[in-house]
Amino acid sequence: MASKARSNKPAATKQRTARHSTTPAAPAGRPAPRFPVVAIGASAGGLEALEQFLGHVPAGSDMAFVVIQHLDPDHKGMMPELLQRATAMPVTQARNRMKVEPGCVYVIPPKWDLSILHDCLYLLEPVAARGLRLPIDSFFRALADDRQDQAVCVILSGMGSDGALGLRAIKERGGLVAVQDPASAKFNGMPQSAVDTGLVDIVAAAPELPQRIADTLRHSLRGVAGATLEAAETLAQKSAFDKICILLRERTGNDFSLYKKSTVYRRVERRMGLHQIDRIAHYVHYLRENPQEVELLFKELLIGVTSFFRDPASWNSLQTQVLPQLLAAYPAGATLRAWVAGCSTGEEAYTLAMAFREVQQKQKPAGRFALQIFATDLDPDAIAKARRAVYPANIVADVTAERLKRFFVEEGEGYRVGKEIRETVVFATQNAIMDPPFTNLDILTCRNLLIYLGPELQQRLLPLFHYSLKPGGILMLGSAESIGNNTELFEPQDAAARLYRRRANSLRMVDLEFPSRHAPGRVEALNPAEPEPGAANLQSLADHLLLQQFSPAAVLVTATGDVLYTSGRTGKYLEPAAGKANWNIHVMAREGLAHELALALPKALRSGERVTCAKLRVGTNGGTQIVDVTVQPIDKPAALRGMAMVVFRDVEAPPVEEIVAGKRATRGSPRVRELEHALDQARQEVQALREEMQTTQEELKSSNEEMQSTNEELQSTNEELTTSKEEMQSLNEELQTVNVELQSKVDDLSLASNDMANLLNSTDMATVFLDNALHLRRFTNQATRIFRLKAGDVGRPLSDIVSDLAYPGLAADAGEVLRTLAFVEREIATGDGRWYQVKIMPYRTMENVIDGVVITFNDIGLAKKLEAELRALAGKQKKEPT
């Protein structure tokens, strides 16, 4: 093998020289073909895993490989030479501006961090030469931004948790995540941290990973003919897509049909690639046969990538502009309310709490302020992680040392958010689209959620956010999101930071669609029935002719006179007024009609009876027309109730002889005729006013009685509220007392827990506590020397934990102790020559109830060694002659 490697090395070197260039080049006018780039992160024990991985890469692979290894900055790197022995692909150390090519391996040099931009590698000086560096996380994030769905990350053996945050970015961009099986890794810290994120696509031994990755990429439909399912969606594929949404809704209760199809298709394609399914219809069949796959697809759709103080410029703007303004708006102090929608694993909610604490300390407002944060997400697993508030050590890449010291406490191999910040946030599982929102909010953050929703859902959520916020409240969106055309709801506070202030205008209820778990079904429009030939057509034509030629002109008006519908020729009676368009009959009425309509319309609506005004002289264009006007109030159908129909009928002028006779009879008194006419009009107006006054008096009397009744009810309610207030005050005092007692007990319990932890650690004895089912309940730090334990193993059967003990009957002895309550004590050796005295005892509670077993491991290696020496000495003395 070695000779073969040496014989291939010159050729490989020559090939490497020919294929690599430090300046990017591409054919003019044609983009370079896209190919997957596989980033491999490794640390302690990683050399062997890397050799196994690269040695099993399929021949002719079109993937490029970038190795990110934790290296000592003070030693010359020999990694390329060591890896070249395991693969025929050219292996080279990365240089600045080196073009990445498929079928090649690139290795990070010592003392440098590595990044990638437009398929070129760049060397960056690390922020800290020594200490906690996270080059794997850094490169994974850069690769996700540069290669999107063509990014693949692999995590091999190593200590710590480097890579666990970077793989989230890979997953968010649609890339592939593969991890070495922790059980096969020499050091399982990094692989286990990756698996614990719940975002890993492939878990396998290092030699198996290359083939699994190649198969997944080959079967992934996003690379077929350069088109996605969405781009070439057929009717059959759309039907399959709808069926997938139905299966998800039936299984999880959440509707993804209005999410962006590109997002859903990308996640579906990923699952199809992992199962090597080529057609979406076959995947639907697979979903129906495997309900657990529906849950996995649901988890895939809920992938949330977040971090502490993501987009620092936005948080800086929030701290320098928004929060000081909110504090200044409440001089006497207040409890501010905030809602973090789509909080994922809680980083953003805790970031908001920390930002508020920093501003509060800096501003030192006179009033007393508090911040109550409601953080919600659709994923219950993410909410559970957020409540635990435990994060890996690599958050130091996003959180400054000052904030780590102030807001976090070290716990195990990571950090836990401090109690002061945790108490500010309330986490809950909620679907922002289907569940009722929080209200009276000062701040609402919804970052990187809208980008996954279709336009219809976005237009439904933004008015809802406007309703949830107080006037002047702040909406904070993600860097790739905006309010779109909802400028009447929000105005920019800082557009670059995606901070928007709620406008004070109110939404109409018809414009606001409240979330509902039961969306109204769609009502299909019914096609009108086709008219039958012959008689039906003749009837409709006759009706139309009658309406046009013989029916009088009429208008349908509201109680205030607004014209809703016209029939016939109304131009002789109504004309539009000059200026701004006003379709009111009182404004449009011609001379001679306005006064009479002003009296007749309210009279008809008030009495419910027809009112007719006869022989009115109406001024027309250049003449006069005598008209009868009828106002008919409408009671049926219900849709027209409260309206009136105004009908105009022309009346023939009287004969000339009657006019002449009338003129002769009154020729000597024209003034009298004018005064009589005015008197008649005045009498009519007085009568109308008298009727209106009587009606108004009756309504006022009725209103007064109702107000008196309401006042009595309010007085009674006020007395009840006063009583309830006193009861609530008394109950509040009792609750405060109980709370003090509970806090005292919590403090005592915390003290006892600390004493117990220190006692167990001070004995320097490995101790394991099991429940009645022999599942792990607690263990001391010394137990990790015997069993491969970590904090996440609590609740697992002890028989599933790998140990160094040559004691196959441990579980059986523990079960026997539970059955007989008799102690068991044995001396057991380990595979590496250590000896322990194992003692198994029943676990008794304060109530003298057996609730499991306690197993202690006392190191007797020194005693065994002395015993062996004594035996050897005794044997030697027996052999010597006396």
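Student: Which residue of strand 12 does Trp-339 stand opposite?

Tutor: Trp-339 stands opposite Phe-374 in strand 12. Keep in mind that this model is predicted.

Student: What makes strand 11 and strand 12 a pair?

Tutor: Two strands pair if there are at least two bridges between them. Strand 11 (residues 333-341) and strand 12 (residues 368-377) are joined by nine bridges. They therefore pair. The two strands run parallel.

Student: Which elements make the β-α-β unit, and what is its hand?

Tutor: Strand 11, helix 13 (residues 347-363) and strand 12 make the unit, and it is right-handed. The term means that, with the strands pointing away from you, the path from the first strand over the helix to the second runs clockwise.

Student: Why are helix 12 and helix 13 called oblique?

Tutor: Look at the angle. The axes of helix 12 (residues 312-329) and helix 13 cross at roughly 60° and come within 10 Å. Roughly parallel needs an angle under 35 degrees, and roughly perpendicular runs from 65 to 115. The two helices are therefore oblique to each other. Their crossing is right-handed.

Student: Which residues of helix 12 make the contact?

Tutor: They are Trp-315, Leu-318, Gln-319, Leu-323, Pro-324 and Leu-327. On the side of helix 13, the residues include Leu-352, Ala-355, Phe-356 and Val-359. By class, this contact has nine nonpolar, three polar and two charged residues.

Student: What makes helix 9 oblique to helix 11?

Tutor: Helix 9 (residues 261-274) and helix 11 (residues 291-301) pack at an angle of about 130°, with their axes 10 Å apart. Roughly perpendicular ends at 115, and roughly antiparallel needs an angle over 145. So helix 9 is oblique to helix 11. Helix 9 passes helix 11 in a right-handed crossing.

Student: Which residues of helix 9 and helix 11 make that contact?

Tutor: Helix 9 gives Val-264, Arg-267, Val-268, Arg-270 and Arg-271. Helix 11 gives Glu-293, Leu-296, Leu-297, Glu-300 and Leu-301. By class, there are five nonpolar, no polar and five charged residues.

Student: How do you know that strand 24 pairs with strand 23 and with strand 25?

Tutor: Strand 23 (residues 611-620) and strand 24 (residues 623-633) have eight bridges, in the antiparallel sense. Seven bridges join strand 24 to strand 25 (residues 644-650), also antiparallel. Both therefore count as pairs. Val-618 stands opposite Gln-625 in strand 24, and Pro-633 has Ala-644 in strand 25 as its bridge partner.

Student: Where is Pro-637, and what kind of peptide bond joins Lys-636 and Pro-637?

Tutor: Pro-637 is in the loop between strand 24 and strand 25. The bond is cis, with omega about 0°.

Student: Why do strand 27 and strand 28 count as edges?

Tutor: The order of this open, antiparallel sheet is 27-26-30-29-28. Strand 27 (776-779) and strand 28 (824-829) each have a single partner strand, so one side of each lacks a neighbour in the sheet. Neighbouring strands are turned by 20° against each other on average, direction ignored. Inside the sheet, five bridges join strand 26 (residues 766-770) to strand 30 (residues 850-859).

Technical notes. Residues numbered from 1 in each chain as written. Predicted model: local features only at pLDDT ≥ 70, side-chain atom pairs only at ≥ 80, totals over all residues. Heavy atoms only, no water. Helix = DSSP H or I, 4+ residues; strand = E, 2+ residues; numbered from the N terminus. Axes fitted to C-alpha atoms, helices over the stretch in contact; angles between N-to-C directions. Left-handed = near helix turned anticlockwise from the far one by under 90°. Contact = heavy atoms within 4.5 Å. Nonpolar A, V, L, I, M, F, W, Y, C, P; charged D, E, K, R; others polar.
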